[in-house]
Amino acid sequence: MKQTLGELMRMSRICRMLFATCLGSFILVIFYFQSMFQPVMQRNPFVVDGCCRKGSRNALQELYSPSQLDPSGAALLHQARRDKVVESCRVNSAFSRKRRVLTPGDLKHLVVDEDHELIYCYVPKVACTNWKRVMMVLTGRGKYSDPMEIPSNQAHVPSNLKTLNQYSIAEINHRLKNYFKFLFVREPFERLVSAYRNKFTLKYNSSFHKRFGTRIIRRYRKNATQDALINGADVKFKEFIEYLVDPATQRDGPLNEHWQTVYQLCHPCHIHYDMVGKYETLEEDANYILRLVGVGDSLRFPSYAKSTRTTDAMTAQFFSNISSQQQVQLYQLYKMDFLMFNYSIPSYLKLD
């Protein structure tokens with residue numbers, strides 16, 4: 001009797017174990033079939049196998065050997081811009097070839113996207129914050145979906161994007177030869193006034209006031225107050241121009257990136273850029289690049305606030321108090337940017 005009772009208890013335990021095993025297997029089967037039908041609803045559209053996947057053709061191939069006809073004529077426009085850069089470098093070769101070899105340190109402004117084989121040379125005050133946001137979406141492999149969800153300060157954190165100077169010489173040469181390279185430019189003096197307004201007239205840029213403002217006021221302002229000498233928070237545009245054209249500034253070292261020339265930041269006479277976008281046609285040019293990359297249907301370049309941008313009329317007003325001698329000196333400083341990117345001499349300049 002005791003043996004029969006023990007056997008019944010063992011059979012009961014075995015049955016419970018079999019039931020638990022079957023139930024678990026049944027649940028796994030349910031989850032499996034759910035995963036087959038529902039992942040598309042949960043998938044981020046910006047992961048590598050979604051919108052930003054590298055296709056069979058890269059941007060370089062699409063630009064020079066398009067798979068579709070371009071009725072807008074954009075390809076011809078950008079060919080003309082490339083030709084203008086090449087011609088300007090040739091005509092001004094004595095100036096443009098002063099430096100015959102670039103070092104990795106010259107390439108810190110060239111952002112690399114390995115997934116889409118892109119190199120973007122960022123120029124401050126030419127929509128570079130939004131372009132860095134877009135590059136973070138392209139290189140993020142699903143981490144980001146909307147460029148404007150990325151805080152502006154995160155776009156400027158060096159570790160968030162890889163630059164060309166971080167590669168070996170062989171890797172640099174390979175990418176310069178095989179990747180799609182682009183930059184965006186702006187009318188040089190509009191960019192200069194935009195930099196001044198942003199760095200010297202806004203209270204939150206105290207680091208620039210301390211670093212550059214105090215130096216400028218100490219050199220060029222007579223009878224400066226002690227507060228101005230300490231804080232450097234009220235630099236006048238005329239003083240800023242004096243600082244730029246002063247030979248002592250050139251001896252101090254390279255200009256800050258916010259007012260350095262595009263010629264010195266991106267080296268277009270040494271690096272062949274496949275596309276030169278312009279701030280004046282920012283959205284059209286930017287979205288054309290995204291179409292070449294193959295993500296134009298899912299990723300759009302962010303719109304910018306036109307109400308706050310520095311205009312030609314505003315720039316003319318700033319230059320009205322600058323002497324003709326300083327205007328000539330300033331034009332000489334930015335001359336290559338005017339020539340390479342086909343910007344006319346502003347009508348308000350007094351160069352006679």
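Are Cys121 and Cys266 buried or exposed? Both are buried, where buried means under 20% relative accessible area, exposed over 50% and partly exposed in between, using a 1.4 Å probe and protein chains only. This is a predicted model, in which local features need pLDDT of at least 70, side-chain atom pairs count only at pLDDT 80 or more, and totals for chains, interfaces and linings use all residues. Residues are numbered from 1 along each chain as its sequence is written, and side-chain values use heavy atoms, with hydrogens and water left out.

**Disulfides**

- The structure holds two disulfides, a disulfide being a pair of cysteine sulfur atoms within 2.5 Å.
- Counted along the chain, the bonded cysteines pair in the pattern 1-4, 2-3.

**Cys121 and Cys266**

- A disulfide links Cys121 with Cys266, at 2.0 Å from S to S.
- The torsion about the S-S bond of Cys121 and Cys266 is about -90 degrees, so this disulfide is left-handed.
- Cys121 lies in strand E2 (residues 118-121) and Cys266 in helix H14, so the bond ties together parts 145 residues apart in sequence.
- Helices (H or I, at least four residues) and strands (E, at least two) are DSSP runs, numbered from the N terminus.

**Cys89 and Cys269**

- Cys89 is joined to Cys269 by a disulfide, with S to S at 2.0 Å.
- About the S-S bond of Cys89 and Cys269 the torsion is about -85 degrees, so this disulfide is left-handed.
- The pair links distant parts of the chain, 180 residues apart.
- Cys89 sits in helix H4, and Cys269 in the loop between helix H14 (262-266) and strand E5 (275-278).
- Cys89 is buried at a relative accessible area of 8%.
- Cys269 is buried at 6%.

**Another buried cysteine**

- Cys128 has 7% relative accessibility and counts as buried.

**Packing of H4 and H17**

- Helix H4 (residues 74-91) packs with helix H17 (residues 324-340) at an angle of about 140 degrees, and their axes are 8 Å apart.
- That makes H4 oblique to H17.
- Angles under 35 degrees count as roughly parallel, over 145 as roughly antiparallel, 65 to 115 as roughly perpendicular, and the rest as oblique.
- Axes are lines fitted to C-alpha atoms, for helices over the stretch in contact; angles run from 0 to 180 degrees between N-to-C directions.
- From H4, Lys84, Val85, Ser88 and Cys89 meet Met336, Leu339 and Met340 of H17, with contact meaning heavy atoms within 4.5 Å.
- The residues of this contact comprise five nonpolar, one polar and one charged.
- Nonpolar covers Ala, Val, Leu, Ile, Met, Phe, Trp, Tyr, Cys and Pro; charged covers Asp, Glu, Lys and Arg; the others, Gly among them, are polar.
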